[in-house]
Each structure stands twice: as structure tokens, then as C-alpha cells.
Amino acid sequence: MYSRFDTAMMHGHRGTQKGPSVLLILVTVIFGCVFQTCSSSRETTTGSTARGEDPVLVERREKDREFKSGKSSPIAAEDRGHFQGLAYFDLNPNLRFRVKLNRYPEPRNIRLGTNTGEMRDALRYGYFDFQVDGRDCRLQVYRVEDTDSGNGPSLFIPYRDATTGKESYGAGRYIDLKENTTGYYDLDFNRAYNPYCAYGKGYSCPVPPSENTLAVPIRAGEKSYPPAPDRQQAEGSRQ
């Protein structure tokens, strides 16, 4: 999936200005999904889900296709020829939760740090409680203004877990949710995704606050991005 909170640090003819949010690449396929392509993709999605295929698998194929050939792909141009897709954990239905957003009576403004030292404004809006393997877990939920797409405020859940830096990306992963009026949400870790910083240089990505570190492993969603085989071999020969 694509984060509305990663921004490209543009170089070349744009100097050091930031480009648009990478969410502009795509829009929502279904609730909880942050991207879709053209009408032909929607037909594929509809047909696939009608046949009983999990929508997350459809979303992953679409994302892999965009990463391989999309104009805004974060994969380095020299790596796209042998790009075979991202690495994912198997679908895990036990890491899908229907949760209530516990809103804070007086949400406070905070600033989320990024890998480039910048700061992003957000609202510490509430939290989700759930259980993983019988252990109580809590994640803070941040509300941000999605000014780039014009879709209004969104809920942002950056987190680390026991797989971080081992099986999953070392800086943590994200989940995005569109705010609704019911207060209940589908928190699906199978849709957890890496920030663009996991795929290439030149991106500014929020770092999950320490309060959103889970002691349990969340083996769902995207894994660490593997380097291209020839690059990996080249790096190994230099060591």
C-alpha cells in the first residue's frame, strides 16, 4: 500500500523541493485499501472477489504491478527489470480485528519525527485495544489532514513489533484507515505496509513513536524488501 505520509525529496530540475504525497499514485480499491488503478483493475478485483479470492491478494498483485512499471514506483529504475514483487507474510485471519476507536476527550497535537529529521504535525486522537495470541495490545491512532489528496482527515497507525528488523522492515510499518462516523474499524494487519524508505532513497517517512511498539510478533502484511539478486551479490563481493 501507499502512504499518504511519505513524501519524495525531489532532486534534479526541482532542486530540493518535496514532490506530492505518494498517495497520489493511486486511490482506494475497497475500504481499508489505499490504492487502485484504472477501470480494468476494478473489473479484475470484482471478478476475483466474486470467485472468493481474498481482496488483499488482489491488492498485492496490483501493487506489485505498479511497483514494477508505474511511473511513480519507488523501486530504482535499474532494479525494475528483475523486480518480481514484494515479500509478504501469508494471509493471517487471526490478525484481522474489528476494533473500537477509543477517542481521547482532549486530543493533543504532536509532531512525528521522520527519517530525514523533519517533523510532521498530527493529532494523538485515540487508541485501539486488541489481543494477539492472548496478549493485550494497544496502538495509538494519529489523525492527520490529508491535504494532498483533498480527502480530509485520515487515521494513521505506524508501529513496530517483534518482527521489526528481522522479518519486517527495520523502521516499522504503517496502516492507514479512513475515518468514519461509527467509531468502529477493521484493523487488518494483512494490509500493513512498508514506507517508501524501505525501497529507495530520497523519501521522508515518519518513524513510529516508541509508544507504538508491540512486544508480540505481527506476522502479517509486508516483509522486508529483498534487494535485487545481482545487487545483493555485488554488495557481498565488496564486503
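Modeller: Among contacts in the chain between residues at least 6 apart in sequence, 61% join residues at least 24 apart. The model is predicted. Its chain has three helices and ten strands. Along the sequence they run β-β-α-α-β-β-β-β-β-β-β-β-α. Buried residues account for 48% of the 239 residues.

Now the rings. The structure holds 14 aromatic pairs. Take Tyr 104 and Tyr 127: the ring centres are 5.6 Å apart and the planes meet at 50 degrees, so this pair is tilted, falling between the limits of 30 and 60 degrees. Tyr 104 sits in strand 4 (residues 102-113) and Tyr 127 in strand 5 (residues 119-132). The two are 23 residues apart, and their pair links distant parts of the chain. Both tyrosines, Tyr 104 and Tyr 127, are buried.

Next come Phe 130 and Phe 189. Their centres lie 5.6 Å apart with planes at 50 degrees, so this pair is tilted. Phe 130 belongs to strand 5, while Phe 189 lies in the loop between strand 9 (184-188) and strand 10 (203-204), so the pair ties together parts 59 residues apart in sequence. Phe 130 and Phe 189 are buried.

Ring pairs also build a cluster: Phe 67, Phe 83, Tyr 196, Tyr 199, Tyr 203 and Tyr 225. Phe 67 is one of the buried residues of helix 2.

Arg 138 lies over the face of Tyr 127, 3.9 Å from the ring centre. Lys 223 lies over the face of Phe 89, at 5.2 Å from the ring centre.

Conventions: Residues are numbered from 1 along each chain as its sequence is written. This is a predicted model: local features need pLDDT of at least 70, side-chain atom pairs count only at pLDDT 80 or more; totals for chains, interfaces and linings use all residues. Side-chain values use heavy atoms; hydrogens and water are left out. Buried means under 20% relative accessible area, exposed over 50%, partly exposed in between (1.4 Å probe, protein chains only). Helices (H or I, at least four residues) and strands (E, at least two) are DSSP runs, numbered from the N terminus. Contact means heavy atoms within 4.5 Å. Rings of Phe, Tyr and Trp (its six-membered ring) pair if their centres lie within 6.5 Å; planes under 30 degrees apart count as stacked, over 60 as edge-to-face and the rest as tilted. A charge sits over a ring if NZ of Lys or CZ of Arg is within 6 Å of the ring centre and within 35 degrees of the ring normal.
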